[in-house]
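Hello,

Here is the structure we talked about. Please load it before reading on; my notes follow below.

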Amino acid sequence: MSKPYDPSVEGAQMSFKDRMSYSDYLHLEKILDAQAPLSTAHDEMLFIIQHQTSELWMKLALHEIGSAIRSIRADKLEPSFKMLTRVSRIFEQLNSAWDVLRTMTPSEYTEFRDSLGQSSGFQSWQYRAIEFMAGNRNTAMLRPHAHQPELSEKLEAVLAQPSLYDEAILLLGRNGFDIGADGKRTDWRETRSESEEVLVAWQAIYRDPQRYWMFYELAEKLVDFEDYFRRWRFNHVTTVERIIGMKRGTGGTSGASYLKKMLEVELFPELWKVRTRL
Ligand code: HEM
């Protein structure tokens, strides 16, 4: 038998007594110590890790969307394209992750469901922040976070600023398009109302991509984002129905029926409507 290869012969660092290691840099002890199943059910670990990894990807999505918003505000569209592409890829990643969770059957979930109490993804503040940042602003969704002032402040800070879609529309306004009432808004807390002017502006852009290439590309990046986001919602509700049928959610909503209603939410409505007009 040949001797096992020793990578130190080619310079691999093998001693980390006074050096920062991989685990130190990534704080792996904290992350890998954060799974605390409340039952003895085998599948609870899958459930916890699936949620925690989703939250980590959501953290990155928020980081990217926040930067994309600032870039558009500063008329720097190219960097925003790169960030928005990354956000779509993050959602693609989250979409594939449902395949792992789908391996859990209703019988397996039932074994630990009671341990969750009233906790539910419905109370994910990062998910709500993504929706608020994108442009779907429902202040009723602030209520589950009222008992945590720090999180409420973070969500309020998002609502105090224009959303990603608001910024895209303001950009069109700065470039000579008539954006109607969107040009006069000062309060960003509520979702904007759809407008004929904005639809007409996107129509002009889609009718002449060569002339308006940057706005056209931004529009397609936004549609990509929403396309992947919709798939996430759809995969979630399908997984939920597969696992709990039409039972109520642990968070207290009607469950799959509530999630099906959420499939109708449109983040960038005029960008979908413009397709019918072309
Ligand atoms: C066994 C797996 C899962 C089941 C049965 C399930 C069930 C549900 C249900 C029934 C709701 C509606 C609110 C409620 O009454 O609880 C909900 C909401 C939600 N879940 Fe899940 N879920 C699962 C996995 C996940 C995972 C892995 C994530 C990833 C973070 C997630 C994130 C969310 C979010 C963000 C909402 C709020 C959606 C909205 O308000 O539009 N869920 N879930």
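How many nonpolar, polar and charged residues are in the lining of the second largest pocket? Seven are nonpolar, two are polar and three are charged. For these classes, Ala, Val, Leu, Ile, Met, Phe, Trp, Tyr, Cys and Pro count as nonpolar, Asp, Glu, Lys and Arg as charged, and the others, Gly among them, as polar.

Some ground rules. This is a predicted model, where local features need pLDDT of at least 70, side-chain atom pairs count only at pLDDT 80 or more, and totals for chains, interfaces and linings use all residues. Residues are numbered from 1 along each chain as its sequence is written, and side-chain values use heavy atoms, with hydrogens and water left out.

**Overall**

The protein has twelve helices and zero strands. Helices (H or I, at least four residues) and strands (E, at least two) are DSSP runs, numbered from the N terminus. The C-alpha trace spans about 70 × 55 × 40 Å along its principal axes.

**The pocket**

The second largest pocket holds about 160 Å³ of space. Its lining includes Lys59, His63, Arg70, Trp125 and Lys154. Helix 3, helix 6 and helix 7 (149–159) each give two or more residues to that lining. Helix 3 gives the most, with five.

The pocket terms: on a 1 Å grid over the protein atoms alone, a pocket is an open set of points where a 1.4 Å probe fits, with protein on both sides within 12 Å along at least five of seven lines. Lining residues have an atom within 4 Å of a point. Points are joined across faces, edges and corners, and the volume is the space filled by probe spheres set on them.

**The ligand**

28 residues surround the ligand (a heavy atom within 4 Å). The closest are Ser120, Arg128, His236, Thr253 and Tyr258. The shell divides into 15 nonpolar, twelve polar and one charged. Among the helices that supply at least two shell residues are helix 4 (77–101) and helix 11 (256–262).

His236 NE2 is the only protein donor of the ligand's iron atom, at 2.2 Å. Donors are N, O and S atoms within 2.8 Å of the metal (3.2 Å for Na, K and Ca); water is not among the atoms, so sites may look incomplete. His236 sits in helix 10.

**Around helix 3**

Ser39 lies in the loop between helix 2 (28–32) and helix 3. Its side chain makes a polar contact with the side chain of Glu44, at 2.5 Å. A polar contact is a pair of N or O atoms within 3.5 Å; within protein, one must be able to donate a hydrogen and the other to accept it, and residues adjacent in sequence count only if both atoms are side-chain atoms. A polar side-chain atom of Ser39 also lies 3.1 Å from the backbone nitrogen of Ala41. Just after helix 3, Asp75 takes a positive phi of about 60°.

Best wishes
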